[in-house]
Amino acid sequence: MAIDPSYPSWARDLHSPPNPKSKSASSIQDPPGFTSSATGKRATLAKQQARKPPTPEETDILKVKKSWEVALAPAKQLPMNAIMMYMSGNSLQIFSIMMVFMLFKNPLQSLLQTNQVFTKYETPRTRSKMWVVKAVYVLMNLVALALGIWKVNGMGLLPTTRSDWLAWETQREPLERTILAC
């Protein structure tokens, strides 16, 4: 299919793209800080030097670090939970009740599953360090429970005043009686 020479040059260029140019190092300059010869050397070095597997000591150190991350995760949730509890208000509404329920449910589940959470990080060499990590994990979940108790008290659901216990109060017997005589 021949292209009519009366077409403008841009239309001819659209129908017949230019021949691909060979990419040579002299035609296109490397960007600043990049050398094409260095990338070839790095690739061959990476192929020659395979990554050696980590030693058991390095693996144990990584497991302890990861277990600390897991132990401190409840502490990272505390500010968010505190703000949510503050913003939900102290009135008895379905939203605030669900928030308080979740605030109690999640730490209680975490406390019950403490050993299961840390089993994948525990080895005979790391067992002595894991009890501190578990203690911090339990402490952080107890702080989350305390936040829930604070919220329930703010909502007026904890019996902390004398009037909450009136059903169990006995009537006082007076020591003296006064009778008016007119």
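A nonpolar patch is made of Val, Leu, Ile, Met, Phe, Trp or Tyr residues with over 30% relative accessible area and no salt bridge, their side chains joined within 5 Å. In this predicted model, Trp68, Leu72, Trp131 and Val132 make such a patch, with a surface of about 380 Å². Two elements each give two or more residues to the patch: α3 (56-88) and α6 (127-154). Trp131 sits in helix α6. Its relative accessible area is 59%, so Trp131 counts as exposed.

**Overall build**

The protein chain has six helices and zero strands. From the N terminus on, the order is α-α-α-α-α-α. The chain has 182 residues, and 20% of them count as buried. Its accessible surface comes to about 15200 Å². Carbon and sulfur atoms hold 62% of that surface. Take the contacts between residues at least 6 apart in sequence: 68% of them join residues at least 24 apart.

**Salt bridges**

Side chains of opposite charge can pair when their charged atoms come close. The structure holds five salt bridges.

| Asp60 | Arg125 | 2.5 Å |

Which parts of the chain does the pair of Asp60 and Arg125 link? Asp60 lies in helix α3, while Arg125 lies in the loop between α5 (114-118) and α6. The two residues are 65 apart, and the pair links distant parts of the chain. Is Asp60 buried or exposed? Its relative accessible area is 9%, under the 20% cut-off, so Asp60 is buried.

The pair of Glu69 and Lys66 stays inside one helix. Both residues belong to helix α3. They are three residues apart, so about one helical turn separates them. Glu69 is partly exposed, at 45% relative accessible area. Lys66 is also partly exposed, at 38%.

Glu169 has 37% relative accessibility and counts as partly exposed. Arg162 reaches 52%, so it counts as exposed.

Salt bridges also link Glu122, Arg127 and Lys134 in a network.

**Aromatic pairs**

A pair of aromatic rings is described by the distance of the centres and the angle of the planes. The count here comes to two aromatic pairs. How are the rings of Phe118 and Tyr137 arranged? Their centres are 5.2 Å apart and their planes stand at 90°, so the pair is edge-to-face. Phe118 is in helix α5 and Tyr137 is in helix α6. They are 19 residues apart, and the pair links distant parts of the chain. Phe118 has 0% relative accessibility, so it counts as buried. Tyr137 is buried as well, with a relative accessible area of 7%.

Trp165 and Trp168 form an aromatic pair that is tilted. The distance is 5.6 Å centre to centre, with 55° between the planes. Why does this pair count as tilted? Stacked planes are under 30 degrees apart and edge-to-face planes over 60, so 55° falls in the remaining class. Trp165 is partly exposed, with a relative accessible area of 41%. Trp168 is exposed, at 65%.

Terms used:
Residues are numbered from 1 along each chain as its sequence is written. This is a predicted model: local features need pLDDT of at least 70, side-chain atom pairs count only at pLDDT 80 or more; totals for chains, interfaces and linings use all residues. Side-chain values use heavy atoms; hydrogens and water are left out. Helices (H or I, at least four residues) and strands (E, at least two) are DSSP runs, numbered from the N terminus. Buried means under 20% relative accessible area, exposed over 50%, partly exposed in between (1.4 Å probe, protein chains only). Contact means heavy atoms within 4.5 Å. Accessible areas come from the Shrake-Rupley method with a 1.4 Å probe; for residues, only the protein chains shown count as cover. Patches are made of residues with over 30% relative accessible area and no salt bridge: like charges are joined within 9 Å, nonpolar side chains (Val, Leu, Ile, Met, Phe, Trp, Tyr) within 5 Å. A salt bridge is a side-chain nitrogen of Lys or Arg within 4 Å of a carboxyl oxygen of Asp or Glu. Rings of Phe, Tyr and Trp (its six-membered ring) pair if their centres lie within 6.5 Å; planes under 30 degrees apart count as stacked, over 60 as edge-to-face and the rest as tilted.
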